[in-house]
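Here is a brief report on the structure shown below.

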Amino acid sequence: MAACRRIFSVSSHILSKLRNQSINIPWQSRTMVTGSCIDPALGLTDEQKQIQQLAADFACNEMFPHMAEWDQKEIFPVDTMREAAKLGFGAVYCSEKYGGTGLTRLDASIIFEALSHGCCSTTAYISIHNMCAWMVDEFGTEELKQRWIPCLAAMDKFASYCLTEPGSGSDAASLVTSAKKDGSDYVLNGAKAFISGAGETDVYLVMCRTGGAGPKGISCVMVEKDTPGLSFGKKEKKVGWNSHPCRIVSFDDCRVPQSNLLGSEGQGFNIAMRGLNGGRVNVASCSLGAAQASIEQARDHLKVRKQFGSLLADFQYLQFRLAEMSTKVVTSRLLVRKAAQALQENSPDAVALCSMAKLFVTEECFQVCNDAMQMFGGYGYLKDYPVQQYVRDTRVHCILEGTNEMMRMLVSRDVLKER
Amino acid sequence: MSGLRVLVGCKRVIDYAVKIRVRPDKMGVVTDGVKHSMNPFDEIAIEEAVRLKEKKLASEVIAVSCGPPQCQETLRTAMAMGADKSIHVEIDLATYEKMSPLHVAKLLSKIAQDNKVDLILLGKQAIDGDCNQTGQMTAALLDWPQATCASSIEKTNGDIKVVKEVDGGLETVKVKLPAVVTTDLRLNEPRYATLPNIMKAKKKPMEKKKPVDYGVDIDPRQKVVSVEDPPTREAGQKLDNVQDLVTKLKEQGLLTS
């Protein structure tokens with residue numbers, strides 16, 4: 001599909017080289033791993049392969065050429081994301097009733113893995129947006145769904161997920177942002193930290209305290225941008241994830257109608273955690289895609305670069321390293337897809353599996369990206385080469401959507417439980 | 001006036017980005033486990049047909065592919081891009097590898113007649129064979145007019161106006177329907193299929209046929225003797241002036257004095 005687009009972009013690349021325009025991105029070679037043990041299409045049905053090919057083509061043609069620029073200039077690529085939304089990537093696992101694409105968690109994992117080749121950071125934001133859309137789809141009233149799902153699916157409006165606060169990260173249930181009833185409104189006071197998309201997105205899903213202490217006092221409320229009392233801190237400067245902004249979000253007597261409540265009062269923590277289960281599979285999928293891209297690029301480099309009179313690919317150490325990296329990628333892929341399947345089927349082990357997948361895959365795939373960078377030698381450290389961006393973008397996956405330490409807690413809790 | 005019925009040929013070929021390798025038996029290229037996709041010119045043909053449908057000039061778009069079962073992937077892609085139905089003419093791999101454009105042309109002309117087609121859109125050539133013959137042969141078999149290497153197609157009252165890319169530039173021809181048109185690179189930029197369309201394509205009909213159903217004999221008329229890599233490029237020579245060049249050319253017998 002869209003083989004033609006690639007031929008067009010191939011010929012325009014040649015043309016601009018001929019015109020001596022300097023392009024910072026190296027020659028975009030289309031690596032062929034079809035039929036090898038690291039082929040991401042292995043084990044997929046024909047329909048899943050078509051979906052994967054669509055995402056891969058979109059990533060290759062529309063995202064990869066801009067990945068470095070989005071990172072260096074900190075551009076939030078609204079137009080490209082809206083193009084992605086036109087293909088159905090805006091609300092992948094929301095029901096078709098209000099405009100979602102109606103696919104499964106496994107399809108979403110395949111999609112985000114493929115899109116990450118094009119830009120890991122942007123794909124990660126797209127997955128956060130998808131997570132928020134799902135939360136509305138699953139817990140919203142009919143009015144809220146009718147109002148929000150169509151524009152979220154088309155990415156006419158963008159969403160942010162607000163749980164973390166300056167004082168509560170891993171200890172999320174101790175959050176203090178309050179929402180007090182006043183007439184037919186909630187009045188929010190407090191602040192959220194590290195919010196992806198903040199300042200540029202249109203709607204914020206805010207976990208806030210409507211009741212007593214602990215998780216049972218937390219509710220989830222939708223706050224639209226430009227609501228009086230909603231303000232943002234400065235745009236944070238990050239090591240990676242630079243294609244979407246990150247800011248503190250402040251609520252000062254911020255008034256929202258009570259009809260903006262998702263689910264029921266006291267259900268907010270549960271909604272947040274259920275959203276995160278999917279978010280964890282998604283972020284693991286992004287790490288996986290970045291690792292796959294890194295390993296493909298490193299492989300190509302090994303076949304071209306010579307030292308000591310031989311191709312790097314002929315040195316046993318590097319062959320063995322590549323084999324280890326490949327094994328990590330394939331095991332990660334198996335685990336992520338299994339977790340996605342378990343989540344789709346609502347299996348009893350879904351939460352633990354999603355945590356395991358997030359823990360294992362983000363760690364292993366970051367290592368793979370890092371190892372790939374090492375294989376490039378000095379070149380790998382230059383921003384002209386994409387591999388350093390995959391390294392920087394995947395580093396944060398070990399930290400957010402639940403630190404990997406919290407993932408360990410969730411898994412051990414499941415294993416130690418009396419049965 | 002009812003819309004045109006359009007037949008589009010879609011060939012499953014080795015993806016353009018793959019490094020082609022000759023088989024050890026030197027009788028062909030390696031295709032096992034190699035990435036395949038729809039011939040890029042055929043993607044353009046499907047896109048053009050779907051655009052004709054969107055402009056309400058075409059009423060039905062039928063995609064057709066001849067070959068082994070894997071061709072069905074190509075047809076599903078065509079339906080995901082907007083074709084209404086597809087026809088898979090199943091041919092086993094061994095026979096398929098020995099097929100030539102004339103066989104395909106015979107099949108396409110029978111399919112066109114059976115399905116009362118008004119316009120056949122084909123890619124100008126396939127990127128594996130590079131024959132650039134199928135469209136022309138199909139038109140000859142049907143005794144239909146042909147317009148090859150199209151860079152634009154316009155419908156005008158029962159005729160179509162086609163701008164062809166020729167060596168000398170652009171040639172505009174007026175073609176009476178029914179006709180065969182083959183597509184060139186600059187005709188359009190094919191769309192991405194959308195996820196909903198990929199899912200809907202599963203429900204679109206795919207007819208399974210065999211060459212005997214059309215009474216076409218696809219026994220090979222040619223025998224491949226060998227397939228070899230092109231010779232490895234040798235170093236050239238840098239010369240100082242034109243006189244040296246002339247001397248060297250004379251030495252090699254390439255100039256009649």
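## Annotated domains

UniProt lists "domain: Electron transfer flavoprotein alpha/beta-subunit N-terminal" (unreviewed entry) for residues 26–218 of chain B. UniProt positions are given in the numbering used here, feature names are shortened, and annotations may be inferred rather than shown by experiment. This span of chain B is 32% helix and 31% strand, with its end C-alpha atoms 23 Å apart. Helices (H or I, at least four residues) and strands (E, at least two) are DSSP runs, numbered from the N terminus.

The UniProt record, an unreviewed entry, puts "domain: Acyl-CoA dehydrogenase/oxidase N-terminal" at residues 45–155 of chain A. Residues 45–155 of chain A are 69% helix and 0% strand, and their end C-alpha atoms lie 28 Å apart. From UniProt also comes "domain: Acyl-CoA oxidase/dehydrogenase middle" (unreviewed entry), at residues 161–254 of chain A. Here the chain is 0% helix and 48% strand, with end C-alpha atoms 17 Å apart.

## Basis of the model

This is a predicted model: local features need pLDDT of at least 70, side-chain atom pairs count only at pLDDT 80 or more, and totals for chains, interfaces and linings use all residues. Residues are numbered from 1 along each chain as its sequence is written, chains are lettered from A and ligands numbered from 1 in the order in which they are written, and side-chain values use heavy atoms, with hydrogens and water left out.

## Chain A overall

Chain A has 12 helices and 10 strands. Its radius of gyration (taken over C-alpha atoms) is 22 Å, close to the 22 Å from the globule rule (2.2 Å times the number of residues to the power 0.38) for 419 residues, so chain A is as compact as a globular protein of that length. Along the principal axes, its C-alpha atoms fill a box of roughly 75 × 55 × 40 Å.

Of the 419 residues in chain A, 57% are buried. Buried means under 20% relative accessible area, exposed over 50%, partly exposed in between (1.4 Å probe, protein chains only). Among chain A contacts (heavy atoms within 4.5 Å) between residues at least 6 apart in sequence, 74% join residues at least 24 apart.

## Nonpolar cores

A nonpolar core is a set of buried Ala, Val, Leu, Ile, Met, Phe, Trp, Tyr and Cys residues joined through side-chain atoms within 4.5 Å. The largest has 147 residues; A:Phe89, A:Ile111, A:Met135, A:Tyr161 and A:Leu262 touch the most other members. Helix 8 (residues 268–302) of chain A gives the most to this core, with 15 residues. Another core lies apart from it, with 23 residues, including B:Val64 and B:Trp144.

A:Met135 has contacts beyond its neighbours within four places in sequence, among them A:Tyr161, A:Leu205, A:Leu262 and A:Ile271.

In helix 6 (residues 120–139) of chain A, 19 of 20 residues are buried.

Helix 8 of chain A holds A:Ser285 and A:Leu288. A:Ser285 counts as buried, at 0% relative accessibility. A:Leu288 is also at 0% and buried. Leaving out residues up to four places away in sequence, A:Ser285 touches A:Ser109, A:Phe112, A:Glu113, A:Ser116 and A:Val336.
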